[in-house]
Amino acid sequence: MATITKKELIDRIADGTGHRRVQVKKIIQQFLDEVVNELGKGNRLEFRDFGVFETKLRKARKAQNPKTLEPVEVPEKRTVKFKVGRLMKQRLAQLTGVAIDDEAGDIADMSDAGGDDDDADAIN
């Protein structure tokens with residue numbers, strides 16, 4: 001499995017669209033900055049059929065230091081959660097040949113219904 005960098009994506013988009021790399025880099029960076037800003041405000045970001053980004057507050061908990069076996073207090077923290085959207089699940093399954101875990105069980109339901117139901121799409 002390869003790691004693709006932001007620079008490589010910028011190069012691909014610039015080559016594919018014919019735009020200058022500097023322009024594409026500014027747009028991509030502004031997009032990423034906006035995503036971070038909105039998540040920082042506690043907002044949920046929904047990209048229809050791609051997925052949903054949202055922050056989740058993890059409660060404080062007690063853990064154990066594996067080396068000393070002493071109890072350790074872990075403070076609460078905010079983390080980012082991403083839920084894969086319907087079309088991304090389908091596309092990844094096609095590309096990899098492996099079914100993507102579908103917790104809600106909604107892919108089959110939407111495919112049977114034609115996938116045109118806006119209420120079903122709003123979930124993803």
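**Close-up 1. D49 and R86 join in a salt bridge.** In this predicted model, the closest N and O atoms of D49 and R86 are 3.3 Å apart. D49 sits in the loop between strand 1 (45–47) and strand 2 (51–58), while R86 belongs to helix 3 (residues 86–96), so this pair ties together parts that are 37 residues apart in sequence. Are the two partners buried or exposed? D49 is buried, with a relative accessible area of 15%, and R86 also counts as buried, at 8% relative accessibility.

**Close-up 2. R48 and E46 meet through their side chains.** Here is another salt bridge to look for, with a distance of 3.5 Å from N to O. R48 counts as partly exposed because its relative accessibility is 44%, a value between the 20% and 50% cut-offs. E46 is partly exposed as well, at 31% relative accessibility.

**Close-up 3. R21 and D15 form a salt bridge.** Find the side chains of R21 and D15, where N and O lie 2.5 Å apart. D15 counts as exposed because its relative accessibility, 55%, is over 50%. R21, at 39% relative accessibility, counts as partly exposed.

**Close-up 4. Salt bridges link four residues into a network.**

Conventions:
Residues are numbered from 1 along each chain as its sequence is written. This is a predicted model: local features need pLDDT of at least 70, side-chain atom pairs count only at pLDDT 80 or more; totals for chains, interfaces and linings use all residues. Side-chain values use heavy atoms; hydrogens and water are left out. Buried means under 20% relative accessible area, exposed over 50%, partly exposed in between (1.4 Å probe, protein chains only). Helices (H or I, at least four residues) and strands (E, at least two) are DSSP runs, numbered from the N terminus.
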